[in-house]
Amino acid sequence: MRTIKVATEDANAYYDIVSRLKRTRLRFSSISPGQAVDSARDLVLTSKEEASSLGGKAVAIEDLNKDPLIMEGQLLSRILDESRRDLLIGIDPGSRIGVVMFYGGRELGALTANFVDELVDLLVMVVTDVPHSSLSVKIGGGEPRSSLRLARLSRERLSPSASIEIVDESGTSAGKRGKIGATRDERAAVRIAFRKGVQFSDPVRARRTLG
């Protein structure tokens, strides 16, 4: 995997880049702008003005989404092989909606949402801005009304090639505490993400799953 290097002589740009990188899960190091880099191994992050002087071999911080989750996905898309850019999203519906996203087999981020519409808006933004080779959305069926609404909106607004499944979430709230800081809803979303479900394109089987 390529490594991220921060290279800029602009103090304000350096502070902006490092501050934003620290909000992601990515490792990085700092180098001087004149230091030689291996474009096959290093991903250089700099300011837009300085990126043009590097002949397109660097990524400008201004060209990345300010949301840390999306920004991390955008950078990972430049690091991972194209065959590994799989985007997997697990959703635990309810009064608080737990969401977890995996990209290339690693966790991209987890969050808790309060409204279905806002969550779907976020999903659209993520899948639009983060290049991916496949998209799979797994939705827990424990809250039938919310689950169906999420599935319908996702089917309407995401790519036709996206896989949208309704998952039997029995037992997803049980088990170990999970990682520090994760809410119960987010931990349930992780378990849902890795379960086999029923494609929402088959409404009869989907309704049976929702029981």
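**Entry 1: F194.** I began with F194 and looked up its accessibility. The relative accessibility is 55%, so F194 counts as exposed, since the cut-off for exposed is over 50%. I noted for myself that this is a predicted model.

**Entry 2: a partner for F194.** Next I looked for aromatic pairs, and the count came to 1. The pair is F102 with F194, and its geometry is edge-to-face. I read 4.9 Å from centre to centre and 70° between the planes. Edge-to-face needs planes over 60 degrees apart, so the label made sense to me.

Entry 3: I then traced both residues along the chain. F102 belongs to strand β6, while F194 lies in the loop between α6 (184-193) and β10 (198-199). They are 92 residues apart, so this pair links distant parts of the chain.

**Entry 4: F102.** Is F102 buried or exposed? I found 9% relative accessibility, so F102 counts as buried.

**Entry 5: helix α3.** Helix α3 covers residues 68-79 and reaches 16 Å from first C-alpha to last, close to the 16 Å expected.

**Entry 6: how enclosed is α3?** I checked burial along the helix: 11 of its 12 residues are buried, so α3 is largely enclosed by the rest of the structure. Among the buried ones I jotted down P68, E72, G73 and I79.

**Entry 7: the start of α3.** Which residue caps the N-terminal end of α3? I found D67 there, with a side-chain oxygen 2.9 Å from the backbone nitrogen of L69.

Note on methods: Residues are numbered from 1 along each chain as its sequence is written. This is a predicted model: local features need pLDDT of at least 70, side-chain atom pairs count only at pLDDT 80 or more; totals for chains, interfaces and linings use all residues. Side-chain values use heavy atoms; hydrogens and water are left out. Helices (H or I, at least four residues) and strands (E, at least two) are DSSP runs, numbered from the N terminus. The expected span of a helix is 1.5 Å times one less than its number of residues. Buried means under 20% relative accessible area, exposed over 50%, partly exposed in between (1.4 Å probe, protein chains only). A polar contact is a pair of N or O atoms within 3.5 Å; within protein, one must be able to donate a hydrogen and the other to accept it, and residues adjacent in sequence count only if both atoms are side-chain atoms. Rings of Phe, Tyr and Trp (its six-membered ring) pair if their centres lie within 6.5 Å; planes under 30 degrees apart count as stacked, over 60 as edge-to-face and the rest as tilted.
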